[in-house]
Every structure is written in structure tokens, then in C-alpha cells.
Amino acid sequence: MEKTLILGLESSCDETAAAIVDRGREVLSSVVASQADLHEKYGGVVPEIAARAHLENLLPVLTETFDQANIHPDQLAAVAVAHCPGLTPSLLIAVTAAKTLAWAWNKPLIAINHVHSHLQAVMLEQSQQCFPSVALVVSGGHTSLYNCRSPLELELMGRTLDDAAGEAFDKVAMILQLPYPGGPSIEKLAQLGNPKAINFPRTYLKKGSLDFSFSGIKTAVLYHCRGQNMLGNNRVATMSQQEKADICASFQAAVTDVLVKKTVTAAQKVSAQCVILGGGVAANSYLRKQLQIRCEKLKLQLLVSPKKYCTDNAAMVAGLAWHKLQANLLANLDLEPLPHQA
Ligand code: KG4
Ligand code: ZN
């Protein structure tokens, strides 16, 4: 009988994750151990701390993944791992584990690009098919637009020239002294604010460019909070909740405007009928809504990752691995972690 179950492993940043997925879609189990509490006091991920925590978390996460799926390793078709891009010490943990398990269980090993796998999350537990399409990945490390002819044929159309969208959310949250991680904190407070209160800059770069730049808006928020001469250091501490909420809502609206505009421009450029949205920032309800409104107007089909698979997880890794297995794109046991995209 054909084996269709894939074990996925993921440790590229600060989430230790494992999942077992059937035929790239049906999630039998998906376990994620977050390290947010360990990195909170530093305001960002510390690579050495992350790697050590991955090492501690991996076995319990794997055990729970098999317990929840209630399967035996014999039933697996392959072992897949996100091997790029990410923090090298972090990537190394899941890559080493995946190579060891593939060797010990005599299973094919599949190497997965973490950013590409974020797009595969739209297929999990959903039945739609939507290729060719234009896809936007918005995460803490990446903001990329792809022309996708199939799950394995992705052509980069645009990317951020500086900060990623998620990074901008995290840095603005830090300026406003909101809890880590910043994205969800900004979204929550923005619900109480007016998105038109402050006209933060929308950076579109040169005409027709599909690249992004979010460092300018981050600086604009900083100047707004501290004054043009940067002397008003303590203003955030004395700001009312409403003032902070207005900043959050206005910032979120400015970032969303740029993301939505460039995504639909990309779709029109290649005459795509479908738009895909994935990555941690895709969990943001305001972005989901605005993109949906725009796509409906232009009669574009929109596929958005289920919220629980927007942030880092291993189900998306196992999902994409199914397509690589079908295409017989296997890795060797000398697979290395790569900080940049392969
Ligand atoms: O995809 P992800 O889990 O990790 C990377 O591959 O980077 O994305 C994490 C990013 C963080 O910057 C986080 O603040 C952001 O996604 N994020 C959000 C929301 N949830 C997570 N940003 C905006 N709104 C959210 N609800
Ligand atoms: Zn990610």
C-alpha cells in the first residue's frame, strides 16, 4: 500500500515544531513549543538561547506528535525538515534530528525552504486548489511576493529591501512598550484605535516596483512618539491608551495598504486568478480583511492560511514535502542548515 504520511520538523527560529500530515493536506498532529517567554526580556530571538531550547524541546514535541497522530514510524513515507533560511544554530537542531531519524528508520529525507512552506499552509485542511497564483509571504524575517505556477515552481517577484513586515510590527511594539511578540499586541490594541488618526508614510518605491521597504514607517512611528529631535524619550510612558491605539491602528493600516496594493499589482501583472497569503503576519485580521475586500473587487480568488498555521509550524513543512516526494526531489544525509534561501 502507498505510504502517504510525512513527518515534518521545524526549528528555524524560536518555535520547535513537529507534525504528521497525510497527502500534504490532512493534519494528523501538529505540535509547536513556543519559546516566546525565553526571548521576551531581550525583545527578540537570541540564537544561542533558541538553539539550546530547541534541543530540550525536540524530543517531547516529537513524542507528543506521534502520540496525537497515533501512528508508528513504520507508516511514514518520508521525514522532512526546514533547512533554510533561518538562524543556523536553530536550524541545526531539526536538521540533525531529521537526518538521524531518516537514517534510523530508513526513510527518504526531504529538505524544505521555510519561506516557501509558509505558502503551503493555505492547503492544510482546505480543499481548494489555486495555481497559478500570486503569493505573499509576510513573516518576521521575510516579505516576499511570488509568481507560483505550482507548489514547487515559485518565482520571486518582489521582496523587502530592509525590514520585513513582521519585524516592523515587532519594532513598533517595542517603541510603544507593548508585550512581545509585537504583531499580536499591535493588532489587539489597533482594534480600539482610528486607522486614519495619523497619516504614516506608505513607501511604494519606484513606479511598478514590487519590492517593499518598511524601515521608513518604523522611523516615522519613532519620531511621532519622541518628537523630531528625539528628545521626548518618556512620552510613550505617559501616553494614553487611546493615543497608543491610534498609533497602532494607523501603523497597521499603512503597512496593510502597501502589502495589499503590491499584491494585487503583482496578480494583475501576471494575470493570476488567485492570490495566496501566508506567514506570521497573515494571522492579522485587518490585513486578511483588506486583502479580501480588494480581491473581491477585482474578482480574484483569495486563499489565506488558517490562522493556526500562519505562524511557524511543521505541518506546512510536511505539506510542502508531499509535493517534493511526488517529484522525487530528495535530500542526502549530508544536508546542512543554510541561513539564507537555497
Ligand atoms: O512566520 P513567523 O511565525 O516567523 C518567521 O518566519 O519569521 O512570523 C512571526 C512574525 C512576528 O514578527 C510576529 O510579530 C508576526 O509574525 N505576527 C503578527 C501577528 N501574529 C504574528 N503580525 C501582525 N499581526 C498578527 N496578528
Ligand atoms: Zn516563518
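**Helix packing, core and zinc site in a predicted model**

Trainee: How do H7 and H9 pack, and at what angle?
Mentor: H7 and H9 pack at an angle of about 160°, with their axes 11 Å apart; axes are lines fitted to C-alpha atoms, for helices over the stretch in contact, and angles run from 0 to 180 degrees between N-to-C directions. Helices here are DSSP runs (H or I, at least four residues), as strands are (E, at least two), numbered from the N terminus. This is a predicted model, in which local features need pLDDT of at least 70 and side-chain atom pairs count only at pLDDT 80 or more, while totals for chains, interfaces and linings use all residues. Residues are numbered from 1 along each chain as its sequence is written, chains are lettered from A and ligands numbered from 1 in the order in which they are written, and side-chain values use heavy atoms, leaving out hydrogens and water.

Trainee: Parallel or antiparallel, then?
Mentor: H7 and H9 are roughly antiparallel, a label given to angles over 145 degrees.

Trainee: Which residues make that contact?
Mentor: Ile217, Val221, His224 and Cys225 of H7 meet Ile247, Phe251, Ala254 and Val255 of H9, where contact means heavy atoms within 4.5 Å.

Trainee: What does Phe200 touch?
Mentor: Leaving aside neighbours within four places in sequence, Phe200 is in contact with residues including Ile217, Val221, His224, Ile247, Phe251 and Ala254.

Trainee: How many residues are in the largest nonpolar core?
Mentor: That core has 51 residues, and those with the most contacts inside it are Val138, Phe200, Phe251 and Leu259. The largest share of this core, 13 residues, comes from H9. A nonpolar core is a set of buried Ala, Val, Leu, Ile, Met, Phe, Trp, Tyr and Cys residues joined through side-chain atoms within 4.5 Å, and buried means under 20% relative accessible area (1.4 Å probe, protein chains only). A second, separate core of 27 residues includes Ala69, Ile71, Val79 and Ala94.

Trainee: What about H6, and what covers its buried residues?
Mentor: Seven of the nine residues of H6 are buried, so H6 is largely enclosed by the rest of the structure, and the cover over those buried residues includes H5, H9 and H10.

Trainee: Changing topic, which residues coordinate the zinc ion?
Mentor: The zinc ion (ligand 2) is coordinated by His114 (NE2), His118 (NE2) and Asp312 (OD), at 2.0 to 2.1 Å; donors are N, O and S atoms within 2.8 Å of the metal (3.2 Å for Na, K and Ca), and water is not among the atoms, so sites may look incomplete. Histidine 114 lies in helix H4 and aspartate 312 in the loop between strand E10 and helix H11, so the pair ties together parts that are 198 residues apart in sequence.

Trainee: Is His114 buried or exposed?
Mentor: His114 is buried, with a relative accessible area of 7%, and Asp312 also counts as buried, at 14%.

Technical notes. Buried < 20%, exposed > 50% of the residue type's maximum accessible area, 1.4 Å probe, protein only. Parallel < 35°, antiparallel > 145°, perpendicular 65-115°, else oblique.
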